[in-house]
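Subject: A structure for you to explore

Hello,

Here is the structure I promised to pass on to you. Have a look around it first, and then read my notes below.

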Amino acid sequence: MLARPKSLLQSDASTLVSPHLEKRAFTTTTKETSAPPQEALDFIQFVNASPSPFHAVHEASTRLEHAGFEKISERTAWSLKRKGKYYFTRNGSSIVAFVVGGAYRPGNGFSIVGAHTDSPCLKVKPISKKDKAGYLEVGVQLYGGGIWHTWFDRDLSVAGRVMVEQPDGTFKHTLARIEKPLLRVPTLAIHLDGSANEAFRFNKENHMVPVLATAVKSSLNVASDQEAKHHRALMDILSDELQVELSKIHDFELCLYDTQPATIGGVYDEFIFSARLDNLGMSYCSLMALLNTADNVAEDTNIRVVSLFDNEEVGSTTAHGANSNLLPSTLERLLEMLPTTFKKKSNFELAMRNSLLVSADMAHAVHPNYIEKYEENHRPAMHKGTVIKINANQRYATTAPTALILREIARRRGVPIQEFVVRNDSPCGSTIGPMLSAKLGLRTIDVGNPQLSMHSIREIGGVDDVPNGIHLLEAFFELFPTIDKQVVVD
């Protein structure tokens, strides 16, 4: 982990809310306003520490190790035991953690929660060096389906991983993050585009190019970089951040991120204003639910699994996405941990029939200014619980039995839940749920906490939905094996 100056993301949780909160006495018609839940404050720190999928996985790994999880590797044989807590990473951008139930036997089920670590963003091109009209610019690729106009006029910087040559000649995946505002995509003045307030149109290749510096200042501060793939000014600041010689940097994967930190907002401190809520919001809830229940598995007959995948925003068909062998190969290896009289293939087939996947990806809260875009009986609200997502065309993998199981789990713990379907005249997004359900023949339910402005550079969520999501997934881990026995289908 790179050392960096103490900042908001490392500060005490009490600094994440308004300093005037304790002096206020706001009231509503029902009850006196309370401080934001601790889970929301902790999530703020998590998302601020995670400007890229690589950082999100690192942050998750740190929390897992602090809770006593043992790091294992896909490259080596596993030696596992009941009640053991383990995790591994793939590509540094996906992570799988699991806890073996104390009463687990091969052929028993898996209680699985899947989410994803990536969000729409701009990524630095392999050859990013651009010079236009006396400006140094950085060429970027658009990743995922972002609301790209929200990236204009924001204070941006870069974060990701760098492949750094070590003294012994090896090359190491190294996290990098430049915290200062470094880049900006400027809009055109309204004086030169009178239609700007009617329809903000732009060419993604020509107009969405971040400015790094002016050529005048660059010529005074850096050496010539005629042959370089990237501007020397960018490489120098990266070298300084990593405290390595420029020649030791051999390649990198850097995404741009908004340097404005996530925070609590609203007159009642009820909102989370943040980047990357989709899907660090549900990644965090999944992780914390596993951590909070990891030491309560003595009687559990299942293996509890959390898998946070990369590349969901671009279809998941990568070596570390949900459409890879990451989850299937993990489950197959887990079945080999104990001796059995059954054939391994039979064990796997038995286990799939006894398992359930909760596909956890953020959901749409009803928008007060576009209420006509929502089906009249399915308008999820903030603070009212995690949303079960249903689609007749199987864009979500929820079925009547899987919805019943989760509703019963929620009912027994008093956890609020809601339901969502899109209008018949509206398109519908999708998740990792349908592809994993089809790949494994696995019962699946799609859920997510409600939010506004999904895929914007700044999104809005509710503070109460963080603990709601955590508590629902905690209950799933603890109650699913019992409730599953009470639901008969085949």
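Predicted model: local features only at pLDDT ≥ 70, side-chain atom pairs only at ≥ 80, totals over all residues.

Residues are numbered from 1 along each chain as its sequence is written, and side-chain values use heavy atoms, with hydrogens and water left out.

Helices (H or I, at least four residues) and strands (E, at least two) are DSSP runs, numbered from the N terminus. Two strands count as paired if DSSP finds at least two bridges between them.

Contact, in turn, means heavy atoms within 4.5 Å.

**The nine-stranded sheet**

Another open sheet has nine strands, in the order β1-β2-β3-β13-β4-β14-β18-β16-β17, and its pairing is mixed. Its edge strands, β1 (70-71) and β17 (417-420), each pair on one side only. Within this sheet, β4 (residues 110-116) and β13 (residues 303-309) run parallel and share seven bridges. Val113 stands opposite Val306 in β13. Helix α2 (residues 53-66) lies across β1, β2 (85-90) and β3 (94-100), at about 20° to β3. Helix α5 turns up here too: it packs on this sheet, touching β3, β4, β13, β14 (356-360) and β18 (444-448), and its direction makes about 150° with that of β4.

**What is tucked inside**

I call a residue buried under 20% relative accessible area, exposed over 50%, and partly exposed in between (1.4 Å probe, protein chains only). A nonpolar core is a set of buried Ala, Val, Leu, Ile, Met, Phe, Trp, Tyr and Cys residues joined through side-chain atoms within 4.5 Å.

The largest nonpolar core has 60 residues, of which Phe43, Phe69, Ile272 and Ile409 touch the most other members. Apart from it lies another core, of 30 residues, including Leu182 and Leu238.

Phe43 is also one of the buried residues of α1. That helix (residues 38-48) is mostly covered, with nine of its 11 residues buried. Among the elements covering them are α2, α5 and α10. Helix α10 is mostly covered as well, with 17 of its 20 residues buried. It spans residues 465-484 and has a kink of about 50° at Glu478, shortly before Pro481. The bend at a residue is the angle between axes fitted to the seven residues ending there and the seven starting there.

**Charged pairs**

A salt bridge here is a side-chain nitrogen of Lys or Arg within 4 Å of a carboxyl oxygen of Asp or Glu. How many salt bridges does this rule give? The count comes to 17.

One of them joins Arg154 to Asp258, with the closest N and O atoms 2.7 Å apart. This pair links distant parts of the chain, since Arg154 is in the loop between β6 (135-143) and β7 while Asp258 is in strand β10, 104 residues apart. Asp258 is buried, at 5% relative accessible area.

Another joins Arg161 to Glu253, again with closest N and O atoms 2.7 Å apart. Arg161 lies in β7 and Glu253 in β10, so the pair ties together parts 92 residues apart in sequence. Here Arg161 is buried, at 11%, whereas Glu253 is partly exposed, at 38%. These two strands, β7 (residues 156-165) and β10, also pair in the antiparallel sense over nine bridges.

Finally, look for Asp42, Glu59 and Arg63, which are linked in a network of salt bridges.

Enjoy exploring!

Note on methods: Axes fitted to C-alpha atoms, helices over the stretch in contact; angles between N-to-C directions.
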